[in-house]
Amino acid sequence: MTHLGTVAFASVVVLTVAVHFAFIGYLVIGGYLAWRWPVTIALHGVVVLWGVAGLLLGLPCPLTDLERFARTGAGMAPLPPQGFIEHYITGVWYPERFSTAVQVLVLAVVLASWVGFSIRSRKRPADTSGR
């Protein structure tokens, strides 16, 4: 493979990792962002559903699959079989033994954001300005 091809694949790896972190960040705080931009709550719902389904059902993550493919093309070491979260977050940001606690905490943060969104939505007067 040419140097340009290797660089292209490595760029895909970097971009995929960035998007993956953004996705996880949005999963955690997206409900709070919807307090400011209410139309985004549906997107947050989809992201949370995907995250929960992936966790509970073990669904393959397309971003993880893309990173694995791009790492091979870039000649990089493969992503461990456990995947993105276990490689970049678990054991790096918090000890592995706290995985369940972190998942429960994330769920509590999401639920709190939705409760707050619901309360704020009921208090907000109807917007007739067209914004």
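**Helix packing and a charged pair**

Me: Is the crossing of α1 and α2 left-handed or right-handed?

Reply: This is a predicted model, where local features need pLDDT of at least 70 and side-chain atom pairs pLDDT 80 or more, while totals for chains, interfaces and linings use all residues. Residues are numbered from 1 along each chain as its sequence is written, and side-chain values use heavy atoms, without hydrogens and water. Helices are DSSP runs (H or I, at least four residues) numbered from the N terminus, and a crossing is left-handed if the near helix is turned anticlockwise from the far one by less than a right angle, right-handed if clockwise. For α1 and α2, the crossing is left-handed.

Me: Which residue forms a salt bridge with R71?

Reply: A salt bridge (a side-chain nitrogen of Lys or Arg within 4 Å of a carboxyl oxygen of Asp or Glu) occurs once in the structure. Its closest N and O atoms are 2.9 Å apart. R71 pairs with E67.

Definitions and conventions. Helices (H or I, at least four residues) and strands (E, at least two) are DSSP runs, numbered from the N terminus.
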